[in-house]
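Visitor: Could you walk me through this one? I'd like the overall layout and then some detail on one helix.

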Amino acid sequence: MQPQQMITALVIGSVLIAVGLIPGLLSGLAERIQNSLDELFPFSAREPRYRNTYGSRPIPGQIWLAVLGMALIMISIFAYFSN
């Protein structure tokens, strides 16, 4: 593994950790995209969505993304030092 590949894996892993641990980051982005699409196509025939809740409970952060980011960082460090 070359140093550029390790740096890329570290950056991607850090982004995954941030997305997984900061609550509402990914859902906020999805809501902004959906709102911009609603402005482009105002006469679309669809039901209104309630995005950040499941039932009446708010959705927590995506912990599995943070775990995936940590695993990616650990695997890339291991691959870099095993050469």
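Guide: What follows goes from the chain as a whole to one helix and then to residues in it.

Guide: Please keep in mind that this is a predicted model.

Visitor: OK, what secondary structure does the chain have?

Guide: The chain comes to three helices and two strands, and read along the sequence these follow the pattern α-α-β-β-α.

Visitor: And how much of the chain counts as buried?

Guide: Of its 83 residues, 17% count as buried, while the accessible surface of the chain comes to about 6,600 Å², with 71% of that belonging to carbon and sulfur atoms.

Visitor: What share of the contacts is between residues 24 or more positions apart?

Guide: Among contacts in the chain with a separation of 6 or more, residues 24 or more positions apart account for 73%.

Visitor: Let's turn to α3. How far does it reach?

Guide: Helix α3 has 20 residues and spans 29 Å from its first C-alpha to its last, which is close to the 28 Å expected at 1.5 Å a residue.

Visitor: Which residues of α3 are buried?

Guide: The buried residues in α3 are L65, A66, G69, I73 and S76. Viewed down the axis of α3, the buried residues fall within an arc of 105 degrees, so they line one face of the helix.

Visitor: What do they pack against?

Guide: The buried residues of α3 pack against α1, which covers 3-21, and against α2, which covers 25-40.

Visitor: And which exposed residues sit on the face turned away from the buried side?

Guide: That face of α3 carries the exposed residues I63, W64, M74, I75 and F78.

Visitor: Changing topic, where is F81?

Guide: F81 lies in helix α3, which takes in residues 63-82. The C-alpha atoms of F81 and M1 are separated by 8.5 Å, although these two residues are 80 residues apart along the chain.

Visitor: Is F81 buried or exposed?

Guide: F81 is exposed, because its relative accessible area is 63% and the cut-off for exposed is over 50%.

Visitor: How many aromatic pairs are there?

Guide: The count comes to one aromatic pair. Y80 and F81 form an aromatic pair that is edge-to-face, at 5.3 Å centre to centre and with 75 degrees between the planes.

Key: Residues are numbered from 1 along each chain as its sequence is written. This is a predicted model: local features need pLDDT of at least 70, side-chain atom pairs count only at pLDDT 80 or more; totals for chains, interfaces and linings use all residues. Side-chain values use heavy atoms; hydrogens and water are left out. Helices (H or I, at least four residues) and strands (E, at least two) are DSSP runs, numbered from the N terminus. Buried means under 20% relative accessible area, exposed over 50%, partly exposed in between (1.4 Å probe, protein chains only). Rings of Phe, Tyr and Trp (its six-membered ring) pair if their centres lie within 6.5 Å; planes under 30 degrees apart count as stacked, over 60 as edge-to-face and the rest as tilted. The expected span of a helix is 1.5 Å times one less than its number of residues. The arc is that of the directions from the helix axis to the C-beta atoms. Contact means heavy atoms within 4.5 Å. Accessible areas come from the Shrake-Rupley method with a 1.4 Å probe; for residues, only the protein chains shown count as cover.
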